[in-house]
Amino acid sequence: MTIAKLQQFLAVCQFQSVSRAAEFLHISQPSVSGTIRDLESEFQINLFRHEGRRLVLTAEGSFLRERAQKLIRQFDELSWQMEDLGNQKNRFRIGIPPMAGTVFFPQLYKAFQAAYPEITLSITECGSLHAEKLLEQGELDLAMATLPAAPSPEFSCQKLARTQLVLCVSPSHRLARAKAIDVTMLEGEPLVLFGMDTAPSNAVLSLFAEQQLRPNVLLYSSQLSMIKQFISDGTAAAFLMDALARQEPDLVAVPFSEPIYFDTVLLWKRDQYLYNDVEHFLRFAKKFKFQGIIEKT
């Protein structure tokens, strides 16, 4: 059993086909078939069974897949760490939430790239809740997240800024002149929310649940341009961060009667090895001054 053989085995698991796995890995189909036979012969087990044209894992195959995935992740992490120790890495993976990413990340990224042009960021857009899962699985090195409270103990974090959640409506909307709102005023109101893996959307849904109300959600979307269009033409209202709402003069922002604050933070696993490039980014972000942001606590 070798890393290469486990990688071929996992490809067959993914595609449920030897031919498709071989095509994905750019190797011959007989090579992949031989690898599966070698693994089955080595351990005297069957890893797959045929169901029509698909290969389906046996119980033994599922056991191997689970552990092989962990082993491959550890192997990849070790490879990255050794490259980092040799100063050959100059890249890291970061997750960016759609709303806070629009407000904070472009400023920070532009300034960081000017200061460290040799460091490449591999950027993934994902909600804060999904980002935590990707960090746990070792698929991200760092994540920008929007959190209503401190993260769980397995994560370390560095605060970037504090923002307030507001309801955004068109100037002609019935709530445009309200000084403040609560969810009871939104019963039946058409709403657009960011994806369900985002902390702000989960906070809003929790507020409705506390009042035993069902929100009238027309759409979940991470496309800010679409959300703004729904707001501006009066089709729906949406919840945005106040820092983002201030960038949209054609929208009216109405706060909650009991303000809802979120901290935008940089998040990483507490027991995770931090690459030099990640540490450079964290130090740079700690000193960075965001434009149009009121506070950083």
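Of the 297 residues in the chain, 45% count as buried. The model is a predicted one, and its C-alpha trace spans about 75 × 50 × 30 Å along the principal axes. Eleven helices and eleven strands make up the secondary structure count. Charge comes as 30 positive and 33 negative side chains, and the centres of the two sets sit 1 Å apart.

Now for the inside. In soluble globular proteins, nonpolar side chains tend to be buried together. Here the largest nonpolar core holds 62 residues, and the members touching the most others are Ile 94, Leu 142, Leu 167, Phe 239, Leu 266 and Phe 281. Strand S6 (residues 155-169) puts in the largest share of this core, with seven residues. Apart from it lies another core, this one of 20 residues, including Leu 6, Leu 10, Ala 11 and Leu 55.

Once neighbours within four places in sequence are set aside, Leu 266 is in contact with Ile 94, Leu 142, Ala 143, Met 144 and Leu 160, among others. Its partners also include Ser 156, Cys 157 and Gln 158, as well as Phe 281, Leu 282 and Ala 285.

Phe 105, Leu 108 and Phe 112 are the buried ones. Looking down the axis of H6, these buried residues fall within an arc of 70°, so they line one face of the helix. What do the buried residues of H6 pack against? The list runs to strand S3 (91-96), helix H5 (98-103), strand S4 (120-125), strand S5 (142-147) and helix H11 (276-287).

Two of those packing partners, S3 and S5, are worth a stop. Arg 91 belongs to strand S3 and, at 30% relative accessibility, counts as partly exposed. Its C-alpha atom is 40 Å from that of Val 169, which lies 78 residues away along the chain. In strand S5 sits Thr 146, a buried residue with a relative accessible area of 3%. Beyond its neighbours within four places in sequence, Thr 146 is in contact with Pro 97, Ala 100, Ser 128, Ala 199, Pro 200, Met 241, Phe 262, Asp 263 and Thr 264. Asp 141 is placed in the loop between helix H7 (128-136) and S5. Despite its charge, counted as negative, Asp 141 is buried, at 2% relative accessible area. Between Asp 141 and Val 254, 113 residues apart in sequence, the C-alpha to C-alpha distance is 36 Å.

Gln 16, in the loop between helix H1 (3-15) and helix H2 (18-25), has a positive phi of about 55° although it is not a glycine. Gln 212 also shows a positive phi of about 55° without being a glycine, and its loop runs between helix H8 (199-210) and strand S8 (216-220). Gln 16 is partly exposed at 28% relative accessibility, while Gln 212 is exposed at 75%.

Conventions: Residues numbered from 1 in each chain as written. Predicted model: local features only at pLDDT ≥ 70, side-chain atom pairs only at ≥ 80, totals over all residues. Heavy atoms only, no water. Buried < 20%, exposed > 50% of the residue type's maximum accessible area, 1.4 Å probe, protein only. Helix = DSSP H or I, 4+ residues; strand = E, 2+ residues; numbered from the N terminus. Arc of directions from axis to C-beta. Contact = heavy atoms within 4.5 Å. Charge placed at Lys NZ, Arg CZ, Asp CG, Glu CD. Core = buried A, V, L, I, M, F, W, Y, C linked by side-chain atoms within 4.5 Å.
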